[in-house]
Amino acid sequence: MRKTAFVVLLGAGLLVAAGVLSDAGQEQSTPLGLPPVPIPENNLQTPEKIALGEKLYNETRFSTTGEVGCFTCHDPKKAFTDSPLKVSEGIEKKTGTRNSPTVINSAYFTTQFWDGRSPDLEDQALHPFINPVEHGLTDHEPILAIVRDDPEYAEAFKDVFGKSGKEITMREVTLAIASFERTVISGDSPFDRYYFGGEEGALTEQQKRGFDLYRNEGRCVSCHVIEQTQAIFTDNRFHNIGVGINKIQKDVPELVSKFLEADRTLSQVDVAVLTDPRTSDLGRFAISHGFDDLGSFKTPTLRNVAVTPPYMHDGSIETLKDVIIHYNNGGVTEVGDPVNDFLSSGIRALDLDEDQIDDLVAFMEALTSPEFEMPADAAGGKK
């Protein structure tokens, strides 16, 4: 029987994660198509820590309204996104500027957020709590008060970290959340069974044609990488593909000048990118201050992409077919639109015909893991 490629929660916090840990704490083989999960030496996995992290991930008291948790924007029922929302909603239905990226396989990403402003999952977990359009807290003190005083949390932190009272800091909170998120891995898609498992019938003929286009004329594999024995479908790099910055081109000199003059801290940048759409569209530049990074965003994984519309950092493209058309046009929404001055060099017109575009869409649908497959009549994003 094929091994499930997703976390399963059992009973009182016991967790079985294919590819990470069993409930006995024994390491398991990773799902087909994925490499071993990288685990930092300063945050080793234990079943108890993972269970605590899952509880924290689903905690709504860590928001000003008592209604928002990590799961709000990264819902397990929606492949750990908030699809079909264009951009995420936080407290009081406030909206940011970014489409919610999936948590699935984020353990393999070398940076977090669309602009890579966090180096790891531990750091990433800090920021949404104190963002005014996400959890809305002014600082982390309300979280610490809860985890120090709540009997269940106090016992769990004592058990996992050997700490109690004021010894518990946000470091322990984020270590636990990150440990849980590292169990959210997913492979074993039809593509994996075909390419890595040698199951010839796992892909349809159309999907096989799409795979050939993916590797050749479509040039998708240049950034959404497939290796000989594994595929996380990202190069973990940043690229300007003509989304977002196209509409602010004329304002870029002014925006860049003002941004550099402001000399913001990282926490201020975190707020700015979710409250100011024009700052958001500066992309990686807001973090690196490198002009080569203007309008650049991290290459997202394509795993389960068919069930997480809409697409791009701003949710501005509704369907997978529209995404491919954007690339086919050479990085513009409409043929003839001006190309932005900072477009990555690898982005150029593909000259694919309608049938080839449909074949590429079909291939990307084959990247859906079985636990996230949608009934045909519900797959609104599969166009």
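**Cores, a helix pair and an exposed proline**

Proline 84 is found in the loop that runs between helix H2 (70-73) and helix H3 (121-124). The model described here is predicted. Proline 84 counts as exposed because its relative accessibility is 65%, and the exposed class begins over 50%. Leaving aside neighbours within four places in sequence, proline 84 is in contact with Pro309 and Pro310. Tyrosine 311 lies 227 residues away from proline 84 along the chain, yet their C-alpha atoms are separated by 9.6 Å.

The largest nonpolar core holds 34 residues. Within this core, Phe191, Tyr214, Ile226 and Phe233 touch the most other members. Four helices each supply at least two of its residues: H7 (190-195), H8 (205-215), H13 (320-328) and H14 (354-365). Of the contributors, H14 gives the most, with five residues. Tyrosine 214 has contacts beyond its neighbours within four places in sequence. Its partners are Arg219, Cys220, Val221, His224, Ile226, Phe233, Leu302, Leu360 and Phe363. In soluble globular proteins, nonpolar side chains tend to be buried together.

Helix H1 (residues 47-57) packs with helix H5 (residues 151-161). The angle is about 145 degrees, and the axes are 9 Å apart. The crossing of H1 past H5 is left-handed. From H1, the contact uses Glu48, Lys49, Leu52, Lys55 and Leu56. H5 brings Glu152, Tyr153, Ala156, Phe157, Asp159, Val160 and Phe161. Seven residues of this contact are nonpolar, five are charged and none is polar.

Definitions and conventions:
Residues are numbered from 1 along each chain as its sequence is written. This is a predicted model: local features need pLDDT of at least 70, side-chain atom pairs count only at pLDDT 80 or more; totals for chains, interfaces and linings use all residues. Side-chain values use heavy atoms; hydrogens and water are left out. A nonpolar core is a set of buried Ala, Val, Leu, Ile, Met, Phe, Trp, Tyr and Cys residues joined through side-chain atoms within 4.5 Å. Buried means under 20% relative accessible area, exposed over 50%, partly exposed in between (1.4 Å probe, protein chains only). Contact means heavy atoms within 4.5 Å. Axes are lines fitted to C-alpha atoms, for helices over the stretch in contact, and angles run from 0 to 180 degrees between N-to-C directions. A crossing is left-handed if the near helix is turned anticlockwise from the far one by less than a right angle, and right-handed if clockwise. Ala, Val, Leu, Ile, Met, Phe, Trp, Tyr, Cys and Pro count as nonpolar, Asp, Glu, Lys and Arg as charged, and the others, Gly among them, as polar.
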